[in-house]
Number of protein chains: 2
Amino acid sequence: MRLLIKDCYMLSGDGDTDAIKGDLAIEGNRILKVGADGDLPPDWKPERVIDGKDYLCLPGLINCHTHAAMTLLRSYADDLPLKAWLEDEIWPIEDRLTPEDVYWGTMLAILEMIESGTTTFSDMYFFVDQTAEAVEKSGIRACLARGLVGTGPQGESGLLDSKELLERWQGAADGRVSIWLGPHAPYTCPPDYLEKVLKLAQDYKAGIHIHVAETAAEVQQIEDLYGKTPVRYLKDCGVFQFPTLAAHCVHLTEDDIDVLAENGVGVAHNPESNMKLASGIAPIPQLLSAGITVGVGTDGASSNNNLDMLEEMRSAAFLHKVDQMDPLALPASQALSMATSGGAKALGLQDVGLLKPGYKADIILVNLHQAHFYPRNNLVAHLVYAARGSDVDTVIIDGQIVMEERKVLTIDKEQVFQEVEERAQRLNR
Amino acid sequence: MRLLIKDCYMLSGDGDTDAIKGDLAIEGNRILKVGADGDLPPDWKPERVIDGKDYLCLPGLINCHTHAAMTLLRSYADDLPLKAWLEDEIWPIEDRLTPEDVYWGTMLAILEMIESGTTTFSDMYFFVDQTAEAVEKSGIRACLARGLVGTGPQGESGLLDSKELLERWQGAADGRVSIWLGPHAPYTCPPDYLEKVLKLAQDYKAGIHIHVAETAAEVQQIEDLYGKTPVRYLKDCGVFQFPTLAAHCVHLTEDDIDVLAENGVGVAHNPESNMKLASGIAPIPQLLSAGITVGVGTDGASSNNNLDMLEEMRSAAFLHKVDQMDPLALPASQALSMATSGGAKALGLQDVGLLKPGYKADIILVNLHQAHFYPRNNLVAHLVYAARGSDVDTVIIDGQIVMEERKVLTIDKEQVFQEVEERAQRLNR
């Protein structure tokens, strides 16, 4: 489709300190022109024009780390000690999940993500065929990894699943689906298992999505097992020879930060999950100073408990200011870059995450005509410090309008609500 | 009006760990019956029935500390060092504010607060006559204090203003307006000035709303001046002989906590302002353990930058978990109590803040038929950990429906937007 958004406020996703005003043109699944940047062919005529007067237009948000189907466990057995919550509550339910449960749980997550302005998510879970089907149908963009645990009975079948996913889904849905490898964490993946994972990465040129140094206990466990930090462990196993997305990175040494920087590892920062589960505060300002690419993630809905990236971005900005006791730590402009272009870069998506001619048309329109956006002093500060997911009015992914006036066009909302409610009742019995 | 909300989920505001289901009846400005609790006269017939099937019904949220008219400065000159922001940016603009600016800035704040489920706010600012007019017209409930600075040229006129406010507005608008005295902070109110404030408190039986120990610098300043902590200073000046609301209380000693507890001082906790301005983290779990009444506040919109109490409640719950490194610190049930009955108690509102027969009908209905509230595992966790201001569908204050299907019935939204936008352009020139 040829789409023209006329006279809107725009943020590029690349360190903006305030919005500019202008037109934005889309041709097919690409951005053609942003304000004065880019050229329209002389005979170019839009098929559709959107009046941008009250819209703030920006790249879609990128949720760098989640477990989408865990929406089924949202607010289930919260406020328990971590071990009791995980071992007595979450794992027994996860054992009962069917492929269809994962499909509907993922669909609910995608609905929630689109409704709050997320256009790409990076997932780690199981029954990934069903996740990919939900991605294909809904129109969202996603990087999907089958979670791999080398210490359990499913180590080998997980590798086989991953191989099949790479063959079946890599680049599917017009390139909207990417398949990553998902070795769960250093403490669940011993060296010989990681070796098999890396062989697959080599054969299929796939990236590695892994939890790293989320809790102090995990760091201690790896220290006890291997006499080194989780980051050094992964480095020594050769993981960082491949594009790597390291989720959490809460407990790092200065050497760890150097290693991540030298090896171009991307980090997925999940501030609200780390706060709610009391994991700790990741040293994000230091990571950014070291030149590390940082994206933002919500983690699964059972540890957050929503998938609202606008909220997550704000929590990141607020948390690091108070943690550093510095009101200049992580300014609004930097938080916004992390949640857009930073996330895209961490996921290796070369032409996603910026409002820029030639980039994929993954774009959201935020409705500015609301009490909490007046007066319009600074739209970057408004977006990061005052916005909420429900402010997103329109979502365009890969050039296709998937939400308009807050109605998601690709998903039958009522059917999703009914399916997940019935499934949750079965699972929680 | 006689109003019946049929078959809704309900939270009382008093430490709920999950919702109950039932009917809620309102007669005039009071709650008559909540589920099985309370009696309907045999011939009682509602004038209006609301189908509560998809609603979560709870006491309206209580914003314990804000400066409402500062919406005019929302996102103005953010991400600057605190001193430069305050002295070079905020104060010069505040010097230019007119009474009409304060009226419209407050009206914008009230619109935003009602839209996000706040039914009572506690304010400290100037031109309070205009604030009171906005409260009267909009239908919200408020405790209003004229900010008093004893070290500046307006010390005496501020006292005179306060006296006039007490005579003119105490108990006005059917009891929705209360007037408090607002000595700004220990470092702006020397002992002889506080003495005059307390004389007024004595004469008019008014409470004291004051900033306390917000920053480490302030604590140092009071230590240098008087050789004691801000809390001890206020105690020794006799402030705590009167009902006192202490805003912030970030930097406290154990002795301070004992003093606050022994003297029944209420605390207004503003987690997001304290995070964004990098003031520090208030020891809320310790205050609660000491039996101190704690409410939640947003602070002004220039240091937050919205007035969304659902978000503020979540930030409180998340922040203290990570600060204490304990996922059980400040559970959802406790955060909800703070934002409802805790706030009412801190403001001395005896019959506000609970869903209970005989209490004022200050009630909000949250629309549960949304992606981020499925599946319905636990509604307290949903509300505290997943909700956003825009989920509030209906707001009832003092028995009057002031918002329905997200439309605020008492305020002309378009006029407010136009007024504040024009005024901001004049002020920021």
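Predicted model: local features only at pLDDT ≥ 70, side-chain atom pairs only at ≥ 80, totals over all residues.
Mentor: Residues are numbered from 1 along each chain as its sequence is written, chains are lettered from A and ligands numbered from 1 in the order in which they are written, and side-chain values use heavy atoms, without hydrogens and water.

Trainee: What makes strand S8 of chain A largely enclosed by the rest of the structure?

Mentor: Eight of the eight residues of S8(A), residues 141–148, are buried, so the strand is largely enclosed. Buried means under 20% relative accessible area (1.4 Å probe, protein chains only), and strands are DSSP runs of E, at least two residues, numbered from the N terminus.

Trainee: Which strand is joined to S8(A) by seven bridges?

Mentor: Strand S9 (residues 177–183) of chain A is, and the two run parallel. Two strands pair if DSSP finds at least two bridges between them; A:Leu144 has A:Ile179 of S9(A) as its bridge partner.

Trainee: Why is the contact of B:Arg314 with A:Glu311 called a salt bridge?

Mentor: The closest N and O atoms are 2.8 Å apart. A salt bridge is a side-chain nitrogen of Lys or Arg within 4 Å of a carboxyl oxygen of Asp or Glu, so the pair qualifies. Across the interface of chain A and chain B, the rule finds six salt bridges.

Trainee: How many residues of chain A are in contact with chain B?

Mentor: 65 residues of chain A are in contact with 65 residues of chain B, where contact means heavy atoms within 4.5 Å.

Notes: Buried < 20%, exposed > 50% of the residue type's maximum accessible area, 1.4 Å probe, protein only. Helix = DSSP H or I, 4+ residues; strand = E, 2+ residues; numbered from the N terminus.
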